[in-house]
Each structure stands twice: as structure tokens, then as C-alpha cells.
Amino acid sequence: MSPTVHGNLIVGPTAIDIEDREATATTREGLDELIGKGGMNVKDLPMRQVITSFAGLRAHEEGHEFIIKELEDAPGFIDCAGIESPGLTSCPAIGKMVAGILADKMGLEPNPDFEGTRKGILDPDELSKEDRIRLIKEKPAYGNIICRCEMVTEGEILDAIHRPLGARSLDGIKRRTRAGMGRCQAGFCSPRSMDILHRELGLPMEEITKTGGKSKLVVGTNKDRI
Ligand SMILES: Cc1cc2nc3c(=O)[nH]c(=O)nc-3n(C[C@H](O)[C@H](O)[C@H](O)COP(=O)(O)OP(=O)(O)OC[C@H]3O[C@@H](n4cnc5c(N)ncnc54)[C@H](O)[C@@H]3O)c2cc1C
């Protein structure tokens with residue numbers, strides 16, 4: 001059991017060998033195992049608070065090795081395969097290794113002007129009360145709560161949309177601000193976030209997607225269908 005950076009608690013994961021490369025379903029047995037094992041550490045696990053459970057596939061390599069190298073039959077293509085656990089922990093080192101391979105191959109030098117950090121999205125919750133009041137006076141969008149489960153303001157969503165590589169879908173907004181991640185799973189904030197995408201980007205409502213591609217959310221207005 002571990003806390004997330006956002007203060008939620010996560011239980012798990014399990015690790016089960018399967019052959020199906022598309023199988024990302026959770027199972028009753030898997031959840032029961034977690035409840036049983038988690039329950040050994042925490043009395044009365046509050047499982048009713050769980051909003052949703054996920055399963056992911058680990059990119060398994062028989063020898064449990066990461067394969068990080070330029071492919072012989074595809075020069076210039078650097079393979080990063082078999083990145084199973086602890087792939088997340090290793091990713092900064094993997095990034096440096098790949099950069100090193102490319103630097104050697106292409107004779108690249110570090111760019112002294114590279115700015116490696118980026119400005120995060122301002123979360124009014126992290127400000128003092130006085131600073132938050134000042135911010136809302138200056139930019140009233142930070143006083144307009146769009147996602148009431150996660151208390152995400154319109155100001156944060158505007159920032160998510162208008163920053164470089166800005167959000168273009170509901171999931172784009174969700175991943176940048178957490179709007180839609182809470183108890184109601186975007187039931188209340190979806191139409192409001194769609195309104196903002198429509199207004200800010202001039203996107204027709206019918207073109208707004210949950211997560212790009214064909215995941216369109218509406219087909220038209222009621223009157224069109226009568
Ligand atoms: C349940 C579970 C628990 C884990 N726990 C840990 C842990 O505790 N510690 C740890 O270090 N590691 C852990 N890992 C492993 C870690 O998550 C992976 O090693 C890491 O995420 C691999 O990173 P990656 O960038 O190689 O691949 P991924 O994170 O899988 O990223 C690949 C991305 O490519 C996208 N993609 C796929 N196909 C396409 C396409 N055709 N076009 C565009 N995009 C595409 C995918 O959507 C995905 O976002 C865990 C993994 C799982 C499944």
C-alpha cells in the first residue's frame with residue numbers, strides 16, 4: 001500500500017504471467033488477493049473508497065533484461081524494449097543512456113541554453129489564503145471551480161489548454177490538472193470542460209474527444225435529431 005503524490009492511497013499491484021498482449025482487464029481474484037494482503041497491513045481497508053481499478057501489461061523479456069541499443073537492421077533507431085519493472089525508476093538513466101548513444105553516433109554536444117525544467121500549472125490550493133484571494137481578484141477564472149471532486153478551477157484548465165503542447169481533449173485536461181479524476185469520474189465537469197475547449201479553441205462540440213481519435217463525445221444537438 002502506498003500514498004500517491006496527490007494524497008490518494010494505492011493498493012497493489014499484482015503480477016500475473018499471461019500470454020494475451022491485449023488483456024488489460026482486472027479480475028475478482030486479483031482484487032481479492034490485494035484486499036487480503038493489504039488487509040494484513042491496514043485494518044478495515046476502506047475498499048468502498050476505491051473509484052476504479054486498472055491493469056497494465058509489463059513489457060516482459062525472457063532474460064529480465066532491458067534492451068537499449070541501436071538496431072542493426074534499422075540504423076538510427078534506438079530500441080528501448082523489455083522495459084518492465086523497475087522501468088519507471090530507471091527512466092532518467094535510460095534517457096541519459098539513449099542520449100549518450102545518439103551523441104556518440106551523431107557527434108552531438110550538450111546545448112548550454114537548454115532549459116530542463118518547465119513551469120507547472122498553478123494550483124491555487126497551494127497558495128496561502130491571502131495569495132489566493134489576490135489571484136482570484138486578478139484572474140477570476142481561478143475562483144470558478146469546474147471539477148468539484150478534485151477542486152480544479154477554470155484558471156488551471158485555461159493554463160492547461162494554452163501552454164505549449166496544450167490540452168486538446170478531456171483526457172488531455174485530466175492528465176494535466178486532475179479535472180475528472182475524482183469520485184464522479186467527470187460526470188459533472190465533462191460538459192463544462194467541453195464548453196471551455198469549445199470556447200478557447202473554437203472546436204465544434206461534435207469534434208471534441210475524450211482522448212483523441214474516434215472518441216467523440218456528442219453527435220449533435222437534440223433539435224438536430226428531432
Ligand atoms: C502494474 C505495474 C506496476 C509497475 N510498477 C512499477 C514500479 O513500482 N516501479 C517501476 O520502476 N516500474 C514499474 N512498472 C513498470 C513501468 O511502468 C514501465 O517499465 C514503464 O512505464 C515503461 O516505460 P515506457 O516508456 O517504456 O513504456 P510505457 O510507459 O508503456 O509508454 C509507452 C507509451 O506509448 C503509447 N503508445 C503505444 N502504442 C502507441 C502508438 N501506436 N502510437 C502512439 N503511442 C503509443 C502508450 O499509450 C504509452 O503511453 C510497473 C508496470 C506495471 C504494469
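At what angle do helix α4 and helix α6 pack, and how far apart are their axes?

Tutor: The model is predicted, so local features need pLDDT of at least 70 and side-chain atom pairs count only at pLDDT 80 or more, while totals for chains, interfaces and linings use all residues. Residues are numbered from 1 along each chain as its sequence is written, and side-chain values use heavy atoms, with hydrogens and water left out.

Two packed helices are described by the angle between their axes and the distance between the axes. Helix α4 spans residues 154–162 and helix α6 residues 189–201; their axes lie 11 Å apart and the angle is about 50°. That angle makes α4 oblique to α6 (under 35 degrees counts as roughly parallel, over 145 as roughly antiparallel, 65 to 115 as roughly perpendicular and the rest as oblique). Here axes are lines fitted to C-alpha atoms, for helices over the stretch in contact, and angles run from 0 to 180 degrees between N-to-C directions. Helices (H or I, at least four residues) and strands (E, at least two) are DSSP runs, numbered from the N terminus.

The crossing of α4 and α6 is right-handed, a term for a near helix turned clockwise from the far one by less than a right angle, anticlockwise being left-handed. On the α4 side, the contact (heavy atoms within 4.5 Å) is made by Glu154, Ile157, Leu158, Ile161 and His162. On the α6 side, Ser193, Ile196, Leu197, Arg199, Glu200 and Leu201 take part. By class, this contact of α4 with α6 has six nonpolar, two polar and three charged residues (Ala, Val, Leu, Ile, Met, Phe, Trp, Tyr, Cys and Pro count as nonpolar, Asp, Glu, Lys and Arg as charged, and the others, Gly among them, as polar).

Helix α4 also packs with helix α5, residues 170–177: the two axes come within 10 Å and cross at roughly 110°. The pair α4 and α5 is therefore roughly perpendicular, and α4 passes α5 in a right-handed crossing. In this contact, Glu156, Ile157, Ala160 and Ile161 of α4 meet Ile173, Arg176 and Thr177 of α5. The classes in the contact of α4 with α5 are four nonpolar, one polar and two charged residues.
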